[in-house]
Amino acid sequence: MFEDDGIDRRFAAGEAAAVREAYERHGRLVFSLCLTALRSREDAEDAAQQVFMRAWRSRDTYDPARPLGGWLTGITRRVIVDMFAGRAREARKMEAEVVHLPRAEGAEDAVSDAVVAAVVVHDALALLG
């Protein structure tokens with residue numbers, strides 16, 4: 001494993017180099033957890049970035065007596081949950097907008113392209129988890 005190089009204490013103390021080292025040491029784990037849960041490389045990259053930003057901003061809550069990787073994993077779980085909640089909010093918003101879309105002009109039974117697109121997007125979001 002890693003020798004005790006004091007990264008935990010240096011991170012908690014706010015040493016800028018420690019966040020880079022934490023990313024080098026734990027970034028792959030954080031990214032893989034995000035990718036597994038979110039199933040989108042772009043979303044996983046965004047989530048991993050959020051994890052390290054949140055960790056750095058809340059480093060005063062970190063106890064260096066505990067493993068930094070475990071603390072980052074906890075933040076990762078919360079970021080993933082937040083991203084799923086955001087997806088759910090978007091889906092609800094889209095569903096609400098579909099109800100208020102005007103009917104296609106000239107054809108009472110015709111479904112507008114906007115409604116079809118909204119339904120396709122909604123179904124795709126539902127498949128994500």
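User: In this predicted model, is Phe-11 buried or exposed, and what is its relative accessible area?

Analyst: Buried means under 20% relative accessible area. Phe-11 falls in that class, as its relative accessible area is 1%.

User: How is the pair of Phe-11 and Trp-56 classed from the distance of its ring centres and the angle of its planes?

Analyst: Among the five aromatic pairs counted, this one has ring centres 5.6 Å apart, and centres within 6.5 Å qualify as a pair. Planes over 60 degrees apart count as edge-to-face. The planes of Phe-11 and Trp-56 stand at 75 degrees, so the pair is edge-to-face.

User: How many residues apart in sequence are the parts that Phe-11 and Trp-56 tie together?

Analyst: Phe-11 belongs to helix α1, residues 7-12.

User: Is Trp-56 buried, exposed or partly exposed?

Analyst: Values under 20% count as buried and those over 50% as exposed, with partly exposed in between. Trp-56 has a relative accessible area of 23%, so this residue is partly exposed.

User: Which residue lies over the face of Trp-56?

Analyst: The distance to the ring centre of Trp-56 is 4.0 Å, and a charge over a ring must be within 6 Å of that centre. The residue placed over this face is Arg-59.

User: Where in the chain is Tyr-62, the edge-to-face partner of Phe-11?

Analyst: The rings of Phe-11 and Tyr-62 are 6.2 Å apart centre to centre, with 85 degrees between the planes. Phe-11 is in helix α1, and the two residues are 51 residues apart. Tyr-62 is in the loop between α3 and α4.

How values were computed
Residues are numbered from 1 along each chain as its sequence is written. This is a predicted model: local features need pLDDT of at least 70, side-chain atom pairs count only at pLDDT 80 or more; totals for chains, interfaces and linings use all residues. Side-chain values use heavy atoms; hydrogens and water are left out. Rings of Phe, Tyr and Trp (its six-membered ring) pair if their centres lie within 6.5 Å; planes under 30 degrees apart count as stacked, over 60 as edge-to-face and the rest as tilted. Helices (H or I, at least four residues) and strands (E, at least two) are DSSP runs, numbered from the N terminus. Buried means under 20% relative accessible area, exposed over 50%, partly exposed in between (1.4 Å probe, protein chains only). A charge sits over a ring if NZ of Lys or CZ of Arg is within 6 Å of the ring centre and within 35 degrees of the ring normal.
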